[in-house]
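Welcome, and thanks for opening your viewer.

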Amino acid sequence: MERERQAVARNRKVVLRGYIDRAPREEDMELVDGGAVELRVPEGGGGPAVLVKNLYLSCDPYMRGRMRDFRNSYIPPFKPGSPIEGFGVGRVVDSTHPGFSAGDVVSGMTGWEDYSLITNPEQLRKIQQSDIPLSYHLGLLGMPGFTAYVGFYEICSPKKGEFVFVSAASGAVGQIVGQLAKLHGCYVVGSAGTDQKVELLKEKFGFDATFNYKEEPDLTAALKRHFPEGIDIYFENVGGPMLDAVLLNMRVHGRIAVCGMVSQHGVTAPAGIHNLFSLISKRIAMKGFIQSDYVHLFPQFVDDITRHYRDGKIVYVEDMSVGLESGPASFVGLFSGKNVGKQVVCVSRD
């Protein structure tokens, strides 16, 4: 396709107003008019680049960490006054990279804006359009799905018949972990924060048992009730009191995959863990991880999950808001449990 050098469009952006040290609020972000953008890759940029029109943007808890002025992390902070960044799906408008052409659909790190110039296009993945919705490449076939896949198989080393507990089980990662565990022949219990989500876990995702943690005055007793013989595998998404209760209910040689601690996001004085001695007495293996350390497994993951989805063995639930302007509220809602399933923002369907 011939490059259109004269075409321009307005480019709205969601920018970070300033660094924060608490839970995020909508007013921490602002929708601004970025002015007109030429629909071509600028000349003389110093290297191949790709201009994409963003279609779908992903809301993920890890992004909260990038809103702090904190640089001792695996990913740098956002820049105040610049667009929020996250995983997205977009359509290529123009490209000076030989691997991408106008019209290609890609996934990768992009900006929260209508159009993004990707100056490191090697991180993009080309999507072959199929019967699977494009937005699923931000969840089921994206970072959350890969996190679930890596965490369960590589960190937890599951065995058939083991007892598995998943916290935040209806979220983007948890819903996949539970279904993978069921496919592996495990007994699976999940916790969530509303009755609607609890019902979803059993009726939609096939968990063996579920409970609403907000209705349990004693989490240790709740876990004992659901796991009278103890927990072999815990997929950790929340931290805080839940982790403490789990440690007391783990079996000898149990495994804990530490994926996230959403209860501690925005807490100025993070809660300490009191039952770590259980790691010694029960010889528990507890390991934190990030999915990018296992990128060599991504093609295998896509093949396996695509097959399970098409065979009807895995289902997926999204919570999609419409319009770039809905991004801040959708992101903030992650931290109060407003979303049901993977939170995605639809910027454009074109």
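How many salt bridges does the count come to? The total is 16 salt bridges, and this is a predicted model, so please take each stop below as a computed feature of a prediction. Side chains of opposite charge can pair when their charged atoms come close.

**Stop 1: pairs that span the sequence**

Select Lys13 and Glu113. They form a salt bridge, with the closest N and O atoms 2.8 Å apart. Lys13 sits in strand β1 (residues 8-16), while Glu113 belongs to the loop between β5 (105-111) and β6 (115-118), so this pair ties together parts that are 100 residues apart in sequence. Is Glu113 buried or exposed? Glu113 has a relative accessible area of 8%, so it is buried.

Next, select Arg310 and Asp131. Here too there is a salt bridge, and its closest N and O atoms are 2.8 Å apart. Arg310 is in helix α7 (residues 298-310) and Asp131 in the loop between β7 (125-126) and α1 (143-155), so the pair ties together parts that are 179 residues apart in sequence. Colour the two by accessibility if you like: Arg310 is partly exposed, with a relative accessible area of 47%, and Asp131 counts as exposed at 53%.

Now pick Lys182 and Asp208. Their salt bridge has its closest N and O atoms 2.9 Å apart. Lys182 lies in helix α2 (residues 174-183) and Asp208 in the loop between α3 and β10 (209-212), so the parts tied together are 26 residues apart in sequence. Lys182 counts as partly exposed at 30% relative accessibility, and Asp208 is also partly exposed, at 29%.

To finish this stop, show Arg12, Asp114 and Glu325 together: salt bridges that share partners join these residues into one network.

**Stop 2: a buried aspartate**

Select Asp60, in the loop between β3 (50-58) and β4 (85-95). With a relative accessibility of 3%, Asp60 counts as buried. Which residue does the side chain of Asp60 meet in a polar contact of 2.6 Å? Show Lys342: its side chain and that of Asp60 are joined by this 2.6 Å contact.

**Stop 3: helix α1 and what follows**

Select residues 143-155, which make up α1. How many of the 13 residues of α1 are buried? Eleven of them are, and the helix is mostly covered. The buried residues include Met143, Phe146, Tyr149, Val150, Phe152 and Ile155.

Most residues other than glycine have a negative phi. Ser157 counts as partly exposed, at 39% relative accessibility.

Then select Ala168, in the loop between β8 and α2. Ala168 is not a glycine either, yet its phi is positive, about 45°. At 31% relative accessibility, Ala168 counts as partly exposed.

**Stop 4**

Switch to a surface view and select Asp195, Glu199, Glu203 and Glu215. What do these residues form on the surface? They gather in a patch of negative charge. Asp195 lies in helix α3 (residues 195-203) and is partly exposed, with a relative accessible area of 48%.

**Stop 5: a stretch along one loop**

Last, select Ala271, in the loop between β12 (250-258) and α6 (278-281). Ala271 is partly exposed, with a relative accessible area of 41%. How far are they separated? The separation is 25 Å, for residues 18 apart along the chain.

Terms used:
Residues are numbered from 1 along each chain as its sequence is written. This is a predicted model: local features need pLDDT of at least 70, side-chain atom pairs count only at pLDDT 80 or more; totals for chains, interfaces and linings use all residues. Side-chain values use heavy atoms; hydrogens and water are left out. Patches are made of residues with over 30% relative accessible area and no salt bridge: like charges are joined within 9 Å, nonpolar side chains (Val, Leu, Ile, Met, Phe, Trp, Tyr) within 5 Å. Accessible areas come from the Shrake-Rupley method with a 1.4 Å probe; for residues, only the protein chains shown count as cover. A salt bridge is a side-chain nitrogen of Lys or Arg within 4 Å of a carboxyl oxygen of Asp or Glu. Lys and Arg count as positive and Asp and Glu as negative; His and the chain ends are not counted. The place of a charge is taken as NZ of Lys, CZ of Arg, CG of Asp or CD of Glu. Helices (H or I, at least four residues) and strands (E, at least two) are DSSP runs, numbered from the N terminus. Buried means under 20% relative accessible area, exposed over 50%, partly exposed in between (1.4 Å probe, protein chains only). A polar contact is a pair of N or O atoms within 3.5 Å; within protein, one must be able to donate a hydrogen and the other to accept it, and residues adjacent in sequence count only if both atoms are side-chain atoms.
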